[in-house]
Amino acid sequence: MNKTVKNADEAIGDIKNNMTIMLGGFGLCGIPENCINALVKKGVTGLTCISNNAGVDDFGIGLMLQTRQVKKMISSYVGENAEFERQLLSGELEVELIPQGTLATRCLASGYGMPAIFTPAGVGTEIAIGKESRKFLVDGVEKEFLMEMAFDADFAIVKAWKGDTQGNLIYRETARNFNPMMAMAGKITIAEVEELVPAGELDPDHIHTPGIYVHRIFQGVNYEKRIEQLTVRKK
Amino acid sequence: MLDKIGIAKRIAKEIKDGYYVNLGIGIPTLVANYIPKGMNVVLQSENGLLGMGPFPFEGEEDSDLINAGKQTITTVPGSAFFDSAMSFGMIRARKVDLTILGAMEVSDNGDIANWKIPGKMVKGMGGAMDLVASAKNIIVAMQHVNKAGESKLLTKCSLPLTGVGCVKKIVTELAVIDVTPHGFRLLERAPGISVQEIENATEGRLIIEGDIPEMIID
């Protein structure tokens, strides 16, 4: 089953205005750079973006904020982005902040075919307002959990290190982050990879995301892989 | 009075051999530098790594290898990568022994506020709500008073909460304090700081029993 498409433009060609899309990555690490650039070029607007972060002013999802393509961000942390702050304060941008583990697990629930999860994150805080909760015994003690719903996304766009023509994916180091469960959670999942190989070249024991979850795959170009906080020590 | 490094050094004394530890951004990150030599401790970074090492040498940084503060890092022998769902799975399942994080306010029943100041910029809670809701042991590294001189150790938090009844211990520039069912309990004073000074800087209930020793840092 060959899932290969030519490039990012073809992969995102049918993403329409007002759709909900998931984008993998943590900070600028493991983000689908090619598809973000293609979305900016295509100019689709009114997007709801589910992504842990919102990039920086001139890179990642920040590029789509500059062009006002995002109607709503669903994220856990959105610091380091002045344009984001401006749009949030002026009311141009809707933002739903949710705990990082809740974000990850709501993606996982989608990919596992479960409608909801129960998590203790946010109990007793403002994010619990209006949510169903339930008490369970944990180590013999009653503890409250919030019910959080699986995500429903039109597209998931992820970035992997290597992939094959069947859509099997392998991630590298901490660039894995949200990519595997977002890959499982899209109605249509697009994977861009640094290296695309013919089916059979990747060791089946080393696959992180089985190709069944991936609908389109292509080898990306010109990866910048920008570092957000360069911290080093002297030799 | 302790500086940031002093707070980090004092917190490092709470770490035990064999611990899996999650360090938050800021002072907690510094704690890694003061874990006693020879102690076998594994640092968890919630973006998907067990076995976080020091910053890379100049020129050896890898954009695929960062910590939860988005800083370039390294791994140590025996490390493992995983995805964000598993990362918060091990946190939720209480596999992580100790969580060290910063706070804007803590109340004397262990509530913590550290993610939002209404009317000002909201950057988000990141993983903090997940961590505080599940951690077995939470130590907060913070300043005792804010820039306006107001106590950050309160009867009740004024800022939106990150979690309720979860903080176990607080280390500030002035004191080491346990959070008990009856309020804050003063355990140690920072070098040169009197019990009276700590009382004055603490708005929440503060239990002072017997002689309060000065902390030993080095």
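**Figure 1. The buried residues of helix α5 of chain A.** In this predicted model, the buried residues of α5(A) are A:Gln100, A:Gly101, A:Thr102, A:Leu103, A:Ala104, A:Thr105, A:Arg106, A:Cys107, A:Leu108, A:Ala109 and A:Gly111. Buried means under 20% relative accessible area, exposed means over 50%, and partly exposed lies in between (1.4 Å probe, protein chains only). With 11 of its 12 residues buried, α5(A) is largely enclosed by the rest of the structure. Helices (H or I, at least four residues) and strands (E, at least two) are DSSP runs, numbered from the N terminus. Local features need pLDDT of at least 70, side-chain atom pairs count only at pLDDT 80 or more, and totals for chains, interfaces and linings use all residues; side-chain values use heavy atoms, without hydrogens and water. Residues are numbered from 1 along each chain as its sequence is written, and chains are lettered from A, ligands numbered from 1, in the order in which they are written.

**Figure 2. The span and the end of α5(A).** Helix α5 covers residues 100–111 of chain A. Its expected span is 1.5 Å times one less than its number of residues. A:Gly113 follows the helix, with a positive phi near 70 degrees.

**Figure 3. The contact between chain B and chain A.** Chain B brings 48 residues to the contact and chain A brings 52. Contact means heavy atoms within 4.5 Å. The area buried between the chains is about 4300 Å², with 59% from carbon and sulfur atoms. Buried area is the accessible area (1.4 Å probe) that two parts lose on being put together, summed over both. Between chain B and chain A, 27 residue pairs are in polar contact, both residues at pLDDT 80 or more. A polar contact is a pair of N or O atoms within 3.5 Å; within protein, one must be able to donate a hydrogen and the other to accept it, and residues adjacent in sequence count only if both atoms are side-chain atoms. On the side of chain B that touches chain A, α3 (84–92) and α4 (128–134) of chain B each supply at least two residues.

**Figure 4. A salt bridge within chain A.** A:Glu148 and A:Lys131 form a salt bridge, with the closest N and O atoms 3.2 Å apart. The term means a side-chain nitrogen of Lys or Arg within 4 Å of a carboxyl oxygen of Asp or Glu. A:Glu148 lies in strand β7 (residues 141–149) and A:Lys131 in the loop between β5 (116–119) and β6 (133–138), so the pair ties together parts 17 residues apart in sequence. A:Glu148 is buried, at 2% relative accessible area. A:Lys131 is partly exposed, at 29%. Over all chains, the whole structure holds 29 salt bridges.

**Figure 5. Salt bridges between chain B and chain A.** The count between the two chains is six salt bridges. In one of them, A:Arg172 meets B:Asp62, the closest N and O atoms being 2.8 Å apart. This pair crosses from the loop between β9 (169–170) and α6 (179–185) of chain A to the loop between β3 (49–53) and β4 (74–81) of chain B. A:Arg172 is partly exposed, at 25% relative accessible area. B:Asp62 is buried, at 17%.

**Figure 6. The pair A:Lys235 and B:Glu60.** These side chains meet in a salt bridge (3.2 Å, N to O). A:Lys235 is exposed, at 72% relative accessible area. B:Glu60 is partly exposed, at 46%.
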